[in-house]
Amino acid sequence: DTEGRTLMRERRRITVEPLEDGEWRMLLDMQFEAPGDKPVTLRVTPFGPIGIRMAKTMGVRDGGGRILDSEGRLNEKRIFRKPARWVDYSGPVTQDVRGGITLMDHPANPTHPTPFHVRDDGWMGACLTLEHPQVIKPDRPLRLRYGIWVHGGVPAGKEVEPRWQEFARSTLPDLEARRR
């Protein structure tokens, strides 16, 4: 703040795991803390701590892509700000290659299943505070985990769901500060 006090602290751990056929998975772990004696409030917004911008070639509107969520809904009109376990955005990378990204919400997250903010123009993000603020108390950090699966092709829901199931079973790592 203007007096030099730290109002919020973020701890972040990113793990990237190579998979078969050039695919990979990223685990994004975050912990937000109110280090003083006052709570921190994250206000209502459709934007959250993670968002992904797809290549223009993959957009529904501009490139012939598609958005699919865990509930079987397609594209912005049906998915926009609705809760889901995951959302996959896939489409043409080049004229001959298809691929995409699945954004996954972990069951330990406080708003699970979270609403997703998706746009046919190539945007997808998880909404942490879409309808209600999140209050971070000094003695209760806000812990979040998101998964990203970068894949080839345009998978059907039955191909994405096992990836989410594996992610949902994953153990959250300790993000506490280590004293040296």
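Guide: Terms first, then. Two strands pair if DSSP finds at least two bridges between them. Helices (H or I, at least four residues) and strands (E, at least two) are DSSP runs, numbered from the N terminus.

Visitor: And where do the coordinates come from?

Guide: This is a predicted model, in which local features need pLDDT of at least 70 and side-chain atom pairs count only at pLDDT 80 or more, while totals for chains, interfaces and linings use all residues. Residues are numbered from 1 along each chain as its sequence is written, and side-chain values use heavy atoms, with hydrogens and water left out.

Visitor: OK. How many helices and strands are there in the protein?

Guide: The protein has 3 helices and 12 strands. Its radius of gyration (taken over C-alpha atoms) is 17 Å, close to the 16 Å that the globule rule gives for 180 residues, so the protein is as compact as a globular protein of that length. The rule is 2.2 Å times the number of residues to the power 0.38.

Visitor: What does the C-alpha trace span along its principal axes?

Guide: About 55 × 35 × 30 Å.

Visitor: How many residues does the hairpin from β7 to β8 go through?

Guide: The hairpin goes through 5 residues.

Visitor: Is β8 mostly covered or mostly open?

Guide: Mostly covered. In β8 (residues 98-105), 7 of the 8 residues are buried. Buried means under 20% relative accessible area, exposed over 50%, and partly exposed in between (1.4 Å probe, protein chains only). Across the protein, buried residues make up 44% of the 180.

Visitor: What about the nonpolar core? Which residues touch the most other members?

Guide: Leu103, Met124, Tyr146 and Ile148, in the largest core, which has 29 residues. Seven strands each supply at least two of its residues, namely β2 (24-33), β4 (50-53), β7, β8, β9 (114-119), β10 (123-126) and β12. The largest share, 5 residues, comes from β12. A nonpolar core here is a set of buried Ala, Val, Leu, Ile, Met, Phe, Trp, Tyr and Cys residues joined through side-chain atoms within 4.5 Å.

Visitor: Which residues are among those in the other core?

Guide: Leu68, Trp149, Val160 and Phe167 are among them. That core has 9 residues and lies apart from the largest one.

Visitor: Which side chain makes a polar contact with aspartate 88 at 2.6 Å?

Guide: Histidine 151, through its side chain. The side chain of arginine 66 makes another polar contact with that of aspartate 88, at 2.8 Å. A polar contact is a pair of N or O atoms within 3.5 Å; within protein, one must be able to donate a hydrogen and the other to accept it, and residues adjacent in sequence count only if both atoms are side-chain atoms.

Visitor: What else does aspartate 88 touch?

Guide: Beyond its neighbours within four places in sequence, its contacts (heavy atoms within 4.5 Å) include Ile67, Leu68, Ile101, Thr102 and Pro155.

Visitor: Switching topic. How do β9 and β10 pair?

Guide: In the antiparallel sense, over 4 bridges. Arginine 119 stands opposite tryptophan 123 in β10. The two strands form a hairpin with 3 residues between them, and glycine 122 in the turn has a positive phi of about 110 degrees. β10 is also joined to β4 by 4 bridges, running antiparallel, with isoleucine 52 opposite methionine 124.
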